[in-house]
Amino acid sequence: MDFYTASASFLALLLSLSHVTTAAAAPPPQFIFGDSLFENGNNNYLATTARADRHPYGVDFPNRKPTGRFSNGLNLADFICLKLGSDLVLPYLDPSLKGKELLKGANFASSGIGILNDTGLQFGEIIRMPHQLELFQHYKDRVAKIIGLNATNKLVAEGFFSISLGGNDYVNNYYLLPVTVRSLQFSLPAYTDFIISEFEKILAKFYELGARRVLVLSSGPLGCIPMERALRSTNGDCVPVLQQATQLFNDRLTPAIDRLNRRFGAPIYTISGMFPIYMNLYTNPQAFGLGDAKNACCGQGRYNGIGFCTSLSHLCPDRGNNVWWDQFHPTQRAAKIIVDQFFSNSSYVTPISLKDLMKLT
């Protein structure tokens, strides 16, 4: 049976059950930051080419309309919200985010950004991390006017923070062209050390702004995304240099998280292991009920990995069969599988499981 035959009903069921996934405690407000793996529509309000507000994005969302998510339906951040029993939160730039909706949290993520401010310059207006953090402070100020400063600090401390960053610093910066400013400036190991040091500074600011539970997404296998295999691989295999970049990033991220937790005297930060989960999906999709790990669902050219996903692109009929939705991003079904693995297999999350992270006060 086609996984998406009853897509609207399936998503409605997920949403209706969202509060059943956790214990009786009130679900935490959700604060979401980073790039296109997490964005749900902020870029719709910006002058940027990095936007997913056109068909066929959202083709499997309940209303079958594009939302700004780089997905055929829900994305990774949405499934994290649902697993924690929380409502899906609105993009911070959405004018309807006001009143009681603010108390559920907000999504500040913006497609195309990276750890570095020179990542994604080709996309135009995007919300880089310093601005995302400024918007979060603005969010806190708005909430304080509704419930007071002390209650706002409590709401933030009890919230769940998720951040996805780093992949664009390679594919849309260091390796964007055969020769780039950053590749002339740094060797790959030195560049990775540099962006990790900058990432550590960003993550420290979350603590300073009141965050006490922070999930950091590690990098998935950049060499296996359809675009990179289409452009750089002669036989369709994952691109070794980008796989190396991914491993370097993830290897250096772990000690950075350890340093932050020691610095603040508590396990505030934990890392989700995107690379091993994604590689399992890529090398053995059948084990997860998927069939195609090579081709994107929406695109053109080799592996549907060339150019943007548009209404003129080839669109696969069964999105529940594919790992990749477009040239970069997972399908809704793959995103759900990935997040399910975060919560069901503690070996993928370190140094503290998500279940234990949520117990912290």
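Trainee: Which residues touch the most other members of the largest nonpolar core?
Mentor: Tyr139, Ile163, Tyr170, Phe199 and Phe206. That core has 100 residues. Keep in mind that this is a predicted model.

Trainee: Take Phe206. What does Phe206 touch, leaving out residues up to four places away in sequence?
Mentor: Seven names to jot down: Phe33, Met129, Leu133, Phe161, Ile163, Ala211 and Tyr269. Ile163 is on that list, and Ile163 is also among the core members with the most partners.

Trainee: What does the second, separate core include?
Mentor: The second core has 9 residues. Among them are Ala52, Phe70, Cys298 and Trp325.

Trainee: Why would side chains like these group up?
Mentor: In soluble globular proteins, nonpolar side chains tend to be buried together.

Trainee: How much of the chain counts as buried?
Mentor: 57% of the 361 residues.

Trainee: Switching to overall shape. What radius of gyration does the chain have, and what would a compact globule have?
Mentor: The chain has 19 Å. A compact globule with 361 residues would have a value near 21 Å, so the two agree. The C-alpha atoms fill a box of roughly 60 × 50 × 40 Å along the principal axes.

Trainee: How many helices and strands are there?
Mentor: 12 helices and 10 strands. As for contacts with a separation of 6 or more, 73% are between residues 24 or more positions apart.

Trainee: Where does helix H10 sit, and why do you describe it as enclosed?
Mentor: H10 covers residues 274-283. 7 of its 10 residues are buried, so H10 is largely enclosed by the rest of the structure. The buried ones are Met274, Phe275, Ile277, Tyr278, Met279, Leu281 and Tyr282.

Trainee: Now Tyr191. Which helix is it in?
Mentor: Tyr191 lies in H7, residues 188-208.

Trainee: Buried or exposed?
Mentor: Tyr191 counts as buried, because its relative accessibility is 0%. Beyond four places in sequence, Tyr191 touches Leu116, Asp169, Tyr170, Asn173, Tyr174, Arg182 and Phe186.

Trainee: Last one, charges. How far apart are the mean positions of the positive and negative charges?
Mentor: 4 Å. The chain has 32 positive and 28 negative charges.

Notes: Residues are numbered from 1 along each chain as its sequence is written. This is a predicted model: local features need pLDDT of at least 70, side-chain atom pairs count only at pLDDT 80 or more; totals for chains, interfaces and linings use all residues. Side-chain values use heavy atoms; hydrogens and water are left out. A nonpolar core is a set of buried Ala, Val, Leu, Ile, Met, Phe, Trp, Tyr and Cys residues joined through side-chain atoms within 4.5 Å. Buried means under 20% relative accessible area, exposed over 50%, partly exposed in between (1.4 Å probe, protein chains only). Contact means heavy atoms within 4.5 Å. Helices (H or I, at least four residues) and strands (E, at least two) are DSSP runs, numbered from the N terminus. The radius of gyration is taken over C-alpha atoms; the globule rule is 2.2 Å times the number of residues to the power 0.38. Lys and Arg count as positive and Asp and Glu as negative; His and the chain ends are not counted. The place of a charge is taken as NZ of Lys, CZ of Arg, CG of Asp or CD of Glu.
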